[in-house]
Amino acid sequence: MSAGPPSTRVKEPLERGLHEDGRRLTPQRRRVLNLFERIGSGSHLSAEDVHQHLLEAEARVSLATIYRTLRLLVEMGFLQELELTEGGRRFELCSGDHRDHHHLVCIRCGRTEEFESTPVIEAGREAAQSHGFELIESSLNVRAICPDCR
C-alpha cells in the first residue's frame with residue numbers, strides 16, 4: 001500500500017477492488033469504511049453500532065445497507081468479522097500488524113477486549129502442522145464476565 005493518511009491508503013485499494021468486481025464506491029460504503037478508519041483497529045462495532053455512529057454524524061444510511069456493506073468489506077479483506085454467541089457479530093478494521101490477536105468477551109454486556117498470546121499462536125501452528133494444514137491466522141475468543149457486570 002502507498003504511504004499517506006490511512007483513509008487514502010484504504011480508499012485506493014477499495015475503489016480498485018470494487019471497480020474490478022463491477023461495483024461502485026458509493027457514499028454509504030465510503031462512510032462505513034471512514035468510520036472504521038477513524039476509530040482505528042482494536043474497536044469492535046456491531047452493525048447497529050455503525051448505524052448509530054453514522055446517525056450521530058448526520059449521515060443517513062439504512063441498517064440494511066450497513067449490513068450489506070459490512071459483508072462486502074469483510075469479503076474484500078478490509079474488515080474482520082468477529083462472531084460472538086452472545087453479542088451477535090462485531091466488525092473491526094483489518095491491520096497487517098494486528099493479525100494474530102484474541103478476544104476476551106463479556107457474556108453479559110458484549111464488551112470486547114483484545115489480547116495477544118504467543119502460546120495460543122504456537123498451539124494453533126502445531127495443531128495445523130500435525131494435521132497437514134497451513135496456518136493462516138490464529139484467533140481465540142474467551143467468554144467471561146467483565147468487572148462491570150460481576
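Q: How many helices and strands are there in the chain?

A: The chain has five helices and five strands. Both kinds of element are DSSP runs, numbered from the N terminus: helices are H or I with at least four residues, and strands are E with at least two. This is a predicted model, in which local features need pLDDT of at least 70 and side-chain atom pairs count only at pLDDT 80 or more, while totals for chains, interfaces and linings use all residues. Residues are numbered from 1 along each chain as its sequence is written, and side-chain values use heavy atoms, with hydrogens and water left out.

Q: In what order do the elements of the chain run from the N terminus on?

A: Read from the N terminus, the order is α-α-α-α-β-β-β-β-α-β.

Q: What share of the residues in the chain is buried?

A: Let's settle the word: buried means under 20% relative accessible area, exposed means over 50%, and partly exposed is in between (1.4 Å probe, protein chains only). Of the 150 residues here, 35% are buried.

Q: What share of the contacts in the chain with a separation of 6 or more comes from residues 24 or more positions apart?

A: A contact means heavy atoms within 4.5 Å. Among contacts with a separation of 6 or more, 48% come from residues 24 or more positions apart.

Q: How do the axes of helix H2 and helix H3 cross?

A: Two packed helices are described by the angle between their axes and the distance between those axes. Each axis is a line fitted to C-alpha atoms, for helices over the stretch in contact, and angles run from 0 to 180 degrees between N-to-C directions. Here, the axes of H2 (residues 27-39) and H3 (residues 47-56) come within 11 Å and cross at roughly 95 degrees. H2 and H3 are therefore roughly perpendicular to each other; the cut-offs are under 35 degrees for roughly parallel, over 145 for roughly antiparallel, 65 to 115 for roughly perpendicular, and oblique for the rest.

Q: Which residues in H2 and H3 meet?

A: From H2 come Arg 31, Val 32, Leu 35 and Phe 36, and they meet Val 50, His 53 and Leu 54 of H3. Sorted by class, this contact has five nonpolar residues, one polar and one charged. The classes are simple: Ala, Val, Leu, Ile, Met, Phe, Trp, Tyr, Cys and Pro count as nonpolar, Asp, Glu, Lys and Arg as charged, and the others, Gly among them, as polar.

Q: Is Leu 54 buried or exposed?

A: Leu 54, found in helix H3, is buried, with a relative accessible area of 2%. Not counting residues up to four places away in sequence, Leu 54 touches Arg 31, Val 32, Ala 59, Val 61 and Ile 66. Leu 54 and Leu 35 are 19 residues apart in sequence, and their C-alpha atoms are 7.9 Å apart in space.

Q: What span should the 13 residues of H4 have at 1.5 Å a residue?

A: The expected span of a helix is 1.5 Å times one less than its number of residues. For H4 that should be 18 Å, and its end C-alpha atoms are 19 Å apart, which agrees. H2 also has 13 residues and reaches 18 Å from its first C-alpha to its last, close to the 18 Å expected.

Q: Where do the buried residues of H4 fall, seen down the axis?

A: An α-helix has 3.6 residues a turn, so residues three or four places apart point the same way. In H4, the buried residues are Thr 65, Ile 66, Thr 69, Leu 70, Leu 72 and Leu 73. Seen down the axis, they fall within an arc of 165 degrees, so they line one face of the helix. The arc is that of the directions from the helix axis to the C-beta atoms.

Q: Which residue follows H4, with a positive phi?

A: Gly 77 follows H4, and its phi is positive, near 90 degrees. Gly 77 sits in the loop between H4 and strand S1 (79-84) and is partly exposed, at 43% relative accessible area. In the same way, H2 is followed by Gly 40 with a positive phi near 80 degrees, and H5 by Gly 132, whose phi is positive, near 80 degrees.

Q: Which residue other than glycine has a positive phi near 60 degrees?

A: Glu 58 has that value. Glu 58 lies in the loop between H3 and helix H4 (63-75) and is exposed, with a relative accessible area of 75%.
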